[in-house]
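Hi there,

Here is the structure I promised to pass on. Please have a look, and then read my notes below.

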Amino acid sequence: MVDSPPAKKCRQKPLMGTELNKNKSTVMKKLMVIGVALLIAGAVSVRAADAKENWEKNCTKCHGADGKGKTKMGEKAGVKDYTDAKVQAELKDDAMTKAIKEGVKDGDKTKMKGFGDALSDDEIKALVKYVRDFKK
Ligand code: HEC
């Protein structure tokens, strides 16, 4: 009867071990799913904030925070109301990208300067989308 208690212990230990591991791996899986979800949510919100920030820093003085262009400089320069569906319909993504990159000219007069040096292609792409989102 000296042998049997240790034998029992030996049988129980690995059993408890595997159960513990099973629990651990389910917890890990759940944590990983949550982690990936947070990562995606984080990436999306960071991008949106960037476009908003860039818009507020570089564009609102003419186009207005709301995209309507009802600012002193905007009215003087003759910017369009980007919440107007008709205006939006006339815009082309390519032309918008080019305008933000290279600026808008009226003959020799620069109506809007280009932001190609200040902003990356991705930031410009995000701004095109940002302008599109003004559409009501
Ligand atoms: C100095 C004033 C001014 C600033 C600053 C300015 N814009 Fe403009 N923008 C204009 C004018 C003027 C036009 C031409 C009229 C129009 O389309 O509203 C224009 C046109 C545009 C267009 C339309 C181009 C097309 O396809 O017809 C887009 C898009 C645009 N701006 C985005 C931006 C973004 C993004 C910024 C900031 C990074 C910015 N603008 C900063 C004055 C400005």
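First, a definition: a residue is buried if 20 or more other C-beta atoms lie within 10 Å of its own, exposed if 12 or fewer do, and partly exposed in between, with C-beta atoms placed from the backbone. Please keep in mind that this is a predicted model: local features need pLDDT of at least 70, side-chain atom pairs count only at pLDDT 80 or more, and totals for chains, interfaces and linings use all residues. Residues are numbered from 1 along each chain as its sequence is written.

Now the overall picture. The protein chain has 6 helices and 2 strands, where helices (H or I, at least four residues) and strands (E, at least two) are DSSP runs numbered from the N terminus. Their order from the N terminus is α-α-α-α-α-β-β-α. Of the 136 residues in the protein chain, 10% are buried.

The ligand has 21 residues around it, and Cys59, Cys62, Lys80, Ala99 and Met112 come nearest; a residue is near if its C-beta atom, placed from the backbone, lies within 6 Å of the molecule. Elements giving two or more residues to this shell include helix H2 (60-63), helix H3 (72-77) and strand S2 (109-113). H5 gives the most, with 4 residues.

Next, the core. The largest nonpolar core consists of 7 residues: Ala51, Tyr82, Ala99, Ile100, Ile124, Leu127 and Val131. Such a core is a set of buried Ala, Val, Leu, Ile, Met, Phe, Trp, Tyr and Cys residues joined through C-beta atoms within 7 Å. H6 supplies the largest share of this core, 3 residues.

Why do the buried residues of H6 lie on the same side? The residues concerned are Ile124, Leu127 and Val131. They cover an arc of only 55° around the axis, which puts them on the same side of H6; the arc is that of the directions from the helix axis to the C-beta atoms. In general, an α-helix has 3.6 residues a turn, so residues three or four places apart point the same way.

Ile124 is also in contact with Thr97, Ile100, Lys101, Phe115 and Leu119, leaving aside neighbours within four places in sequence. Contact here means C-beta atoms, placed from the backbone, within 7 Å.

Last, Gly116, which lies in the loop between S2 and H6. Gly116 counts as partly exposed because it has 15 C-beta neighbours inside 10 Å. Not counting residues up to four places away in sequence, Gly116 touches Lys101 and Glu102.

Best wishes

Methods:
Contact = placed C-beta atoms within 7 Å.
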